[in-house]
Amino acid sequence: MKIFSNILVLAMALLILSCNSDERDRNYQYMPNMYTPVGYEAYGEGDIFENGQEAKLPVEGTVIRGWLPYEYGDSLAGYQAAKAELKNPLDYTKENLSEGAELYTIYCAICHGDKGDGQGWLVQQEKILGVPAYDDQGRAITEGSVYHVMYHGINTMGSYASQTSEEELWQISHYVMKLKGALEGKEPRVELDSVPPIVQDVQYGTVTNILNDEQPAGGALEQDQTEQTANKTEE
């Protein structure tokens with residue numbers, strides 16, 4: 001009888017403890033830290049935040065990683081200025097051209113064509129009309145205008161700034177200008193195999209090309225290496 005009473009009391013206690021109007025909150029937690037997050041939930045509320053809101057806009061002037069501020073506006077004046085002034089900062093290497101060709105195939109070829117002649121698949125299917133070839137004399141595109149148009153978009157062509165990085169846009173620009181030269185029958189521009197990485201000796205301020213081991217004549221780095229060898233010999 002006593003055992004039955006103890007079981008009944010335990011059952012009633014468990015029943016009372018299990019009653020909870022908020023299904024998201026546990027009445028009893030054996031190890032609270034396993035259930036209750038320490039950090040604040042995204043879009044949640046918190047007393048330490050202004051207006052009690054966790055989600056905030058980025059600080060004014062914040063620059064997205066991989067992008068630098070672009071000063072040429074989405075206007076005719078901005079287009080003309082970019083066309084005349086902007087130069088591709090990337091070296092004309094096989095690697096950059098290869099990357100540019102791959103990105104061009106993904107984003108551009110379906111309208112502009114594999115050769116840049118304005119005869120992409122959508123044009124051939126008459127889904128889009130009036131796509132000019134890159135050698136169109138009326139437009140006389142430059143690497144700056146190509147970048148500007150990809151960044152802002154123009155006419156029925158949208159912006160690709162959200163799908164690509166700044167470097168990728170310049171790689172595409174390199175490849176577009178290569179297609180333009182081919183359409184105009186120009187001699188292909190000489191491509192560099194690669195750009196030798198440059199390292200700097202922090203102690204002496206000398207610059208060394210790590211591919212061919214070149215450095216300025218009489219560099220302090222060479223002198224330092226000689227002294228290190230002499231010290232090892234004496235030891």
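User: What is the angle between α2 and α6, and how far apart are the axes?

Analyst: The angle is about 140°, and the axes are 6 Å apart. Angles over 145 degrees would count as roughly antiparallel, so α2 is oblique to α6. The crossing of α2 past α6 is right-handed.

User: OK, and α7. How does α6 cross it?

Analyst: The axes of α6 and α7 come within 9 Å and cross at roughly 130°. That makes α6 oblique to α7 as well. The crossing of α6 past α7 is right-handed.

User: Which residues make that contact?

Analyst: From α6 there are E143, V146, Y147, M150 and Y151. From α7 there are E166, L169, W170, I172, S173, V176 and M177. By class, this contact has nine nonpolar, one polar and two charged residues.

User: Is α6 mostly buried or exposed?

Analyst: Buried: nine of its 10 residues are, so α6 is largely enclosed by the rest of the structure. The buried residues are E143, G144, S145, V146, Y147, H148, V149, M150 and Y151. Their cover includes α2 and α7.

User: What does S173 touch, outside its sequence neighbours?

Analyst: Leaving aside residues within four places in sequence, S173 is in contact with N88, E143, V146 and M150. E143, V146 and M150 are also on the α6 side of the contact with α7.

User: What about G181, buried or exposed?

Analyst: G181 has a relative accessibility of 14%, so it counts as buried. G181 is also in α7. The C-alpha atoms of G181 and D135 are 7.7 Å apart, although the two residues are 46 residues apart in sequence.

User: Change of topic: which residues other than glycine have positive phi?

Analyst: Examples are E126, with phi near 60°, and A140, with phi near 45°. Most residues other than glycine have a negative phi.

User: Where is E126, and where is A140?

Analyst: E126 is in the loop between α5, residues 121-124, and α6. A140 is also in the loop between α5 and α6.

User: How accessible are E126 and A140?

Analyst: E126 is exposed, with a relative accessible area of 64%. A140 is partly exposed, at 35% relative accessibility.

User: Now the whole chain. How many helices and strands are there, and in what order?

Analyst: There are eight helices and two strands in the protein chain. From the N terminus on, the elements run α-α-α-α-α-α-α-β-β-α.

User: And what share of the residues is buried?

Analyst: Of the 235 residues, 26% count as buried. Among contacts with a separation of 6 or more, 48% are between residues 24 or more positions apart.

User: What is the confidence like?

Analyst: The mean pLDDT of the chain is 78, and 70% of the residues reach 70 or more. Residues 198-226 have pLDDT below 50.

User: How many contacts does that stretch have in the model?

Analyst: Beyond near neighbours in sequence, residues 198-226 have 32 contacts in the model. Where pLDDT is low, the predicted coordinates should not be read in detail.

Notes:
Residues are numbered from 1 along each chain as its sequence is written. This is a predicted model: local features need pLDDT of at least 70, side-chain atom pairs count only at pLDDT 80 or more; totals for chains, interfaces and linings use all residues. Side-chain values use heavy atoms; hydrogens and water are left out. Contact means heavy atoms within 4.5 Å. Axes are lines fitted to C-alpha atoms, for helices over the stretch in contact, and angles run from 0 to 180 degrees between N-to-C directions. Helices (H or I, at least four residues) and strands (E, at least two) are DSSP runs, numbered from the N terminus. Angles under 35 degrees count as roughly parallel, over 145 as roughly antiparallel, 65 to 115 as roughly perpendicular and the rest as oblique. A crossing is left-handed if the near helix is turned anticlockwise from the far one by less than a right angle, and right-handed if clockwise. Ala, Val, Leu, Ile, Met, Phe, Trp, Tyr, Cys and Pro count as nonpolar, Asp, Glu, Lys and Arg as charged, and the others, Gly among them, as polar. Buried means under 20% relative accessible area, exposed over 50%, partly exposed in between (1.4 Å probe, protein chains only). pLDDT is the predictor's confidence in each residue, from 0 to 100.
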